Amino acid sequence: MQLIKSDINIDFLGKRKIAFVFSAILIIASITGLIVNKGPNYGIDFAGGALIQVKFTQDVSTAKLRDSLSGLNFKDLSVQDFGEPQAHEFLIRTASIDTVGSGLSQSVSSAILQGTGLTPEIRRMEMVGPQVGDDLKKQALLAIFYSLLFITIYISGRFELKWILSGVTAGALMAAVYFLSVFNVSMPILITGALVVSLILFWRLRLKFAMGALIALIHDVFITVGIFCILNLDFSLPIIAALLTIIGYSLNDTIIVFDRIRENIKGETAKVAFPEIFNKSINQTLSRTILTSVTTLIVLLSLFFLGGEIIHNFAFAMIVGVLIGTYSSIFVASPIVLAVSVKGQKK
Amino acid sequence: MKLFSVKRVLILGVIITAVVCLLPTFTNTWPHKKINLGLDLQGGMHLVLEVQNIKAVEAELERTADELKKELRKAGITHLGITRQENNTILARLPDQDAEKAFKEIVSKDFSNISVAASSEKGDFIGFHLKLPDDETDMIMKMATEQALETIRNRIDEFGVSEPDIRIQGDKRILIQLPGINDPDRAKDLIGKTAQLTFQLVDENAGIDAALKGSVPVGSEILYENRTDPATGNTTKIPHVIKKQVLLDGSLLVDARVEFDQFQQPQVGIEFNRKGAHIFDRITGENIKKRLAIVLDNTVYSAPVIQDRIAGGKAVITGNFTMNEAKDLAIALRAGSLPAPVNIIEERTVGPTLGADSIRTGMISMLVGGVLILIFMVIYFKGAGLIANLALLINIILIGGGLAAFQATLTLPGIAGIILTIGMAVDANVLIFERIREELRWGKTPLAAVNAGFDRAALTILDANVTTLIAAIVLFQFGTGPVKGFAVTLALGIVASLFTALILSRSLFDLVLQKKTASTLSI
């Protein structure tokens with residue numbers, strides 16, 4: 001069986017203007033989402049606070065639960081349905097934390113008992129102090145930063161087979177980061193700075209594949225974060241794990257297309273124009289690109305629908321990332337490499 | 001070609017090792033290493049405590065100030081007050097230069113651990129700021145964390161939790177993982193209790209009302225007693241004016257156990273060692289008809305009138321305890337007090353039912369996703385799909401075996417990682433198969449096409465997987481708990497899929513192609 005015919009020949013690069021507009025819309029929407037929401041919506045892992053998941057044996061309304069908890073004077077109290085409709089499960093969240101002992105879950109339990117006459121089963125309780133939240137935030141950003149750094153070094157070395165140049169890039173990047181950290185700037189600025197430095201270096205050193213891959217990566221992660229923002233979903237530790245996996249996955253796709261482009265450039269006699277080689281390479285790998293996305297999406301959808309509420313957002317982030325990642329390896333990464341190559345050729 | 005080449009034997013060896021490692025999880029056979037389930041799957045409590053170890057430094061300074069006063073009194077030197085300041089120094093105020101000289105002598109002779117940081121003359125007195133050297137302060141803080149860890153470990157051991165994980169994290173944090181705990185609130189109370197037991201006299205000369213209005217006598221403080229009315233269950237706070245001087249503390253205890261009073265109310269009986277018994281004997285003898293307060297963590301438990309000298313070093317702590325409260329207090333007293341109070345700065349508790357639900361939903365989605373992939377591969381690639389499917393199944397066995405062999409922890413995100421691997425592992429095979437199809441289209445024989453397909457795809461597959469592996473390793477380095485579990489399964493999955501795609505599948509193809517001198521290939 002074949003979904004994608006072997007002689008398929010779509011002019012992907014011819015549609016790069018449409019793709020550019022599409023990406024631009026997504027990025028602008030993401031930026032708007034970030035501005036409107038005043039940054040990402042941090043869950044308790046990063047913002048600090050407490051979360052209690054309760055389950056009842058019979059029906060209770062969220063309004064009634066909220067009423068019975070109102071006496072506790074919790075800061076930013078939120079009560080929401082959780083899981084399947086008949087599960088009678090709720091998620092109680094608050095910014096108030098309890099640093100000394102057992103107070104929180106006990107007081108919630110007894111307040112609910114007084115207010116509704118029902119004893120809740122406390123299924124999960126998470127409390128993260130503000131300090132720990134800050135630490136986790138820092139760690140998550142560091143993780144993103146380091147994976148970008150290592151991957152940047154790897155792709156600049158691997159694609160252009162210029163390990164010395166990639167060593168130079170890495171050195172410059174570390175120097176830049178050190179320079180920025182002397183001024184004690186915040187992590188997001190540090191990461192942005194590092195990315196800008198990498199892009200400039202790739203540009204100056206004509207590491208076109210590395211540049212295409214990195215821009216595609218930033219594109220994917222940024223849009224996934226933006227979509228999370230627009231849908232008002234919480235960022236938690238597993239979501240950071242999902243983002244890093246998306247980075248890995250998106251590169252995976254990109255690398256396979258790039259490998260083919262490189263192979264075809266080597267194999268062709270000099271006459272064929274770059275756009276044709278690029279199109280040919282994308283078409284040759286298209287079947288594989290689609291197939292892998294399909295198999296990955298199959299398992300992710302199964303995780304999304306059957307994996308339970310706790311893993312729901314993680315699966316969602318991955319689904320978004322896989323879709324964007326597949327799109328970007330065809331419509332973002334390759335056109336950028338082409339643009340840089342053509343510029344290089346003219347010189 | 002022989003049926004058993006060295007390569008095939010090695011492949012078989014790897015698979016058998018994985019199966020042997022995986023089996024104990026289901027059958028409890030040799031080597032008896034099951035896959036560890038994370039707290040989010042088996043239920044349990046994850047706590048991070050912060051030891052307020054600056055309090056230990058403050059306590060050390062208080063002690064030093066007390067000793068200084070004692071020494072000065074002994075030497076007959078008058079002073080205008082020796083007190084601990086907020087910035088962790090001791091301020092000594094002396095009336096004249098003679099006192100200053102004598103004071104300096106005493107400090108340099110008997111108090112080698114403190115040094116004069118600054119001195120100032122302010123009108124009618126000479127002030128000295130004494131401080132602990134920085135390395136001494138660091139040492140006290142480090143010791144406080146370590147001692148807190150030991151104490152908490154003892155308490156948890158006595159409480160009875162199987163396989164607790166307690167370790168120091170950074171300078172002053174203690175990470176505690178208690179799998180399968182039934183009563184998290186009780187465990188938290190026990191762990192967080194400072195259990196600082198002291199015996200102090202009630203200040204008989206001070207009026208409660210005056211003290212509450214603000215005129216607390218120097219050297220005394222107001223502490224409260226929680227008294228519960230047995231009839232209504234209401235708790236009231238009763239203030240006491242207590243002298244600050246500690247006559248005896250819990251460090252001299254040898255035993256603490258639950259006893260019952262004449263009404264069958266649980267109480268905690270304590271017993272002092274010889275030194276403690278001697279001190280207790282003396283203070284009770286010196287203070288007959290006065291009230292002696294038993295204070296635990298700055299709360300008065302009782303303040304009985306001393307009727308007679310008490311020899312033997314035994315006392316009881318009463319306070320309307322429930323049975324569990326009395327038990328836990330006895331454990332805490334036996335294990336010793338924490339050198340400084342602790343705060344819970346992170347807690348994650350998962351009930352056993354939720355953990356079981358997570359395992360169930362995780363397994364269902366893995367099964368459904370897996371079966372869909374198996375079906376898809378057979379439909380799309382026919383015979384070659386079967387090879388990919390076999391590789392996939394072995395891949396999962398390898399991940400399981402790896403988890404058990406490395407004693408890694410399987411978490412809910414970890415299960416998600418396995419599911420993701422199922423989706424992505426076929427990628428390597430897809431790459432190879434698509435390449436083989438291409439080579440076949442260009443007119444190569446099946447054997448040549450398979451060889452070319454594997455050779456050309458191998459490097460691409462390596463490249464593509466290295467990036468995800470980098471992400472997984474970084475995640476492992478920075479992640480905590482559940483996320484770390486994800487990084488582990490993801491990394492194992494990548495390594496396993498490299499093995500199954502590049503080595504196992506190829507070997508299977510060779511086997512198929514060698515049996516029938518094939519001119520066609522089902523792909």
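Reader: What share of the residues in chain A is buried?
Author: Buried residues make up 46% of its 347 residues. Buried means 20 or more other C-beta atoms within 10 Å of a residue's own, with C-beta atoms placed from the backbone. This is a predicted model: local features need pLDDT of at least 70, side-chain atom pairs count only at pLDDT 80 or more, and totals for chains, interfaces and linings use all residues. Residues are numbered from 1 along each chain as its sequence is written, and chains are lettered from A in the order in which they are written.

Reader: Ok, which domains is chain A divided into?
Author: Domain 1 (13-43 + 132-346) and domain 2 (49-128). The bounds come from an automatic or database domain assignment. In chain A, the C-alpha centres of these domains lie 40 Å apart.

Reader: And how many helices and strands in chain A?
Author: 11 helices and 4 strands. These are DSSP runs, numbered from the N terminus: helices are H or I, at least four residues, and strands are E, at least two.

Reader: Switching topic. How many residues of chain B are in contact with chain A?
Author: 59 of chain B, with 58 of chain A. Contact means C-beta atoms, placed from the backbone, within 7 Å.

Reader: Which element of chain B gives the most to that side?
Author: H11(B), with 15 residues.

Reader: How does strand E4 of chain A run against E18(B)?
Author: Antiparallel, joined by 5 bridges. Strands pair if DSSP finds at least two bridges between them. Met127(A) stands opposite Glu347(B) there.

Notes. Contact = placed C-beta atoms within 7 Å. Buried ≥ 20, exposed ≤ 12 C-beta atoms within 10 Å, placed from the backbone.
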